Amino acid sequence: MSDPTPRTAPPRVGACGAGVPVVGAGEAAPVVDDVSRPDVVLCPGGPMLVRGRLVVEDDQGVRHTTHRPVSAICRCSRSATLPWCDGTHKVLPAGLRP
């Protein structure tokens with residue numbers, strides 16, 4: 001049996017390096033199980049984008065709850081705000097990028 005309550009998703013206002021939408025402020029648009037909008041996206045040379053409310057466990061075992069519709073998780077391990085991406089990957093030499 002399906003849930004009759006429509007789900008909403010935030011609007012697309014930007015993109016990671018692969019052209020994958022990144023969420024910003026604005027009015028939510030209705031979405032019904034849209035498989036064209038994946039829950040996890042790996043941006044080439046950048047972060048992992050995750051959609052929805054999740055719990056992320058870091059390498060120390062500390063649990064962090066996401067508070068945004070889409071959160072960027074660091075893959076280069078050099079962010080000052082681990083486990084979240086702070087853009088440090090942009091200044092790393094190509095060989096050190098995820």
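Q: How many bridges join E5 to strand E6?
A: Three bridges join E5 to strand E6, which covers residues 48–51, and the two run antiparallel; strands here are DSSP runs of E with at least two residues, numbered from the N terminus, and two strands pair if DSSP finds at least two bridges between them. This is a predicted model, where local features need pLDDT of at least 70, side-chain atom pairs count only at pLDDT 80 or more, and totals for chains, interfaces and linings use all residues. Residues are numbered from 1 along each chain as its sequence is written, and side-chain values use heavy atoms, with hydrogens and water left out.
Q: OK, and what stands opposite Val41?
A: Val41 stands opposite Leu49, which lies in E6.
Q: What sits between E5 and E6?
A: E5 and E6 form a hairpin with five residues between them, and Gly45 in that turn has a positive phi of about 70 degrees.
Q: Switching topic, what is the order of the open sheet?
A: The open sheet has three strands in the order E5-E6-E9, with antiparallel pairing, and its edge strands, E5 (40–42) and E9 (70–73), each pair on one side only.
Q: And how do E6 and E9 pair?
A: E6 and E9 pair in the antiparallel sense over four bridges, with Val50 opposite Ser71 in E9.
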